[in-house]
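Welcome, and thanks for taking a look. Please open the model in your viewer and keep it beside this report as you read.

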Amino acid sequence: DYPPAMRAALGTRLPALSAQQRAELNGSADVFGLSHFTSRFVYELPVGDDYGTRANPYSAFRDCACGTAAAEAWAHSALPWLRAVPWGLRKLLVWAHVRYAPAHVELTKSGWAMEADNVAEGLHDPQRIEYLAQYASELRKAINDDGVKVRGFHAWSLLDGFEWSAGYGPRFGLAFVDFQGEKRERYLKTSACWYRAVVKSNALVPLAPFLAVKERKAAHRPPFEQMLEGRGRLAPWQMGGEAEDTELSLCNLYVSTSNPLSWALFSDKLVDELFLALFLLVVGCMCLYVNRFIAVDMRTCFRRHARRRDRIASSDRNGAAATAAQHVDAQHTVGFSQPPAAEAGDATSTGITRARASSSPSEFRSTHGGGGGGVYQEMLG
């Protein structure tokens, strides 16, 4: 029968069951199916004395005489009512286990809604991976620590679909459906690769490799049908990405099917390594280019320094020569400063006077010829 609390709250709105019907229903269930998406806090909210009237009609959301609330810190989805509350699943499973003691529980639906306007936006879904992983972790605790007999877990859903009043906006699928495409092409989301790894191993697998998938790379995944078609043409040695211990095999598989005789298989790691090699090559070329100019500038500086040093040395030599000439001129001036007296018109006296006005022996000799030189030497003596 219905629980006494429901009978008291709903009264005649519940159907009456005969003793025979109750006996037939008791223990007749083959499976305890549970659909669970989220949890909320509950607080008392009286329905009022006029509950059930036209002004305050009955409602499945008001029958409990309670209100609900969600913490702002809980992760938000594309639907206002759906928040990520993993611990709520474990509490619900334990309550059902204690209250009904079912032979086993089947989680029929549990999933996360995200919005995406196009294929490029919808193929990498880290929030859905985190939601499924956290709920699966709490499910594992309920099974191993609390003894709840859970036989199966079904992620909602395989494909994006029509979500009632929300239409095609929120997407629950593990595979993206291009509703604008001519053939409604399907593309694997990253969450599908993670869920596939969980199903294959029947255990939780690390999230890091899947969360680290680059969104720009995920956007280039081919449609699922094209991917399978391309895989069918790969040789066994080209199928290394499908090893049992490789969780990202499908998400990392990029197959070109434009030409049946051509194929290309690139993993995220290989693409990252190629980008790194290209980056290092560009940096190396830039270093060589800059080093060339640095070397040219250094050679120019050395040459300028050498020319400056030569100019300074030449200037020093010229200065020394000028100083020596001035010293000789000074000696000439001292030697002729007090000439002997001579009579007017004397040739020797005239030569001495001219010699005193001359600046060098060469000038003196040029004035008096060879004989003058003898007079110059005589005067020095």
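The report below walks through charges, salt bridges and a few individual residues.

## A note on the model

Please keep in mind that this is a predicted model.

## Salt bridges across the structure

A search of the whole structure turns up eight salt bridges. One of the pairs to look at is R7 with D1, whose side chains meet at 2.9 Å, N to O. R7 is partly exposed, because its relative accessible area is 24%, and D1 has 57%, so D1 counts as exposed.

Another pair sits in helix 5, residues 126–144, where K141 and E138 are three residues apart, about one turn of the helix. Their side chains form a salt bridge at 3.2 Å, N to O. E138 has a relative accessible area of 12%, so E138 is buried. There is also a network to visit: D160, R171 and K189 are joined into one by salt bridges that share partners.

## A link between strands 6 and 8

The salt bridge between E106 and R151 has its closest N and O atoms 3.3 Å apart. This pair links distant parts of the chain, with E106 in strand 6 (residues 105–110) and R151 in strand 8, 45 residues apart. R151 counts as exposed, because its relative accessibility is 58%.

Now move along to G152, which is placed in strand 8, residues 150–155. G152 counts as buried, because its relative accessibility is 12% and the cut-off for buried is under 20%. Which residues does G152 contact, leaving aside its neighbours within four places in sequence? They are V105, E106 and L107, and E106 is the residue that forms the salt bridge with R151. G152 can also be compared with G33: the two are 119 residues apart in sequence, while their C-alpha atoms are 9.7 Å apart in space.

## The loop between strands 8 and 9

E163 belongs to the loop between strand 8 and strand 9 (170–171). E163 is buried yet has no salt bridge. Where is the nearest side chain of opposite charge? That side chain is K109, 7.0 Å away. A salt bridge needs a side-chain nitrogen of Lys or Arg within 4 Å of a carboxyl oxygen of Asp or Glu. Leaving aside neighbours within four places in sequence, E163 is in contact with W156, P170 and F172.

Y168 lies in the loop between strand 8 and strand 9. Y168 counts as partly exposed, because its relative accessibility is 47%. Not counting residues up to four places away in sequence, Y168 touches G161, F162 and F179. For F179, the separation from Y168 is eleven residues in sequence and 8.4 Å in space, C-alpha to C-alpha.

## Charged surface patches

Two patches of charge are described here, beginning with the negative one. E115, D117, E121 and E215 form a negative surface patch. Within this group, D117 is found in the loop between strand 7 (114–115) and helix 4 (119–122). D117 counts as exposed, because its relative accessibility is 69%.

A positive surface patch is formed by R292, R299, R303, R304, R307, R308 and R311. One of these residues, R308, has its place in helix 10, residues 268–335.

A last stop is V98, which is placed in helix 3, residues 86–100. V98 is exposed, because its relative accessible area is 64% and the cut-off for exposed is over 50%. How far apart are V98 and V148 in sequence and in space? They are 50 residues apart in sequence and 8.9 Å apart in space, C-alpha to C-alpha.

Key: Residues numbered from 1 in each chain as written. Predicted model: local features only at pLDDT ≥ 70, side-chain atom pairs only at ≥ 80, totals over all residues. Heavy atoms only, no water. Patch = residues over 30% accessible without salt bridge, like charges linked within 9 Å, V, L, I, M, F, W, Y side chains within 5 Å. Areas by Shrake-Rupley, 256 points an atom, 1.4 Å probe, with all protein chains shown as cover. Lys, Arg positive; Asp, Glu negative; His and termini not counted. Charge placed at Lys NZ, Arg CZ, Asp CG, Glu CD. Helix = DSSP H or I, 4+ residues; strand = E, 2+ residues; numbered from the N terminus. Buried < 20%, exposed > 50% of the residue type's maximum accessible area, 1.4 Å probe, protein only. Contact = heavy atoms within 4.5 Å.
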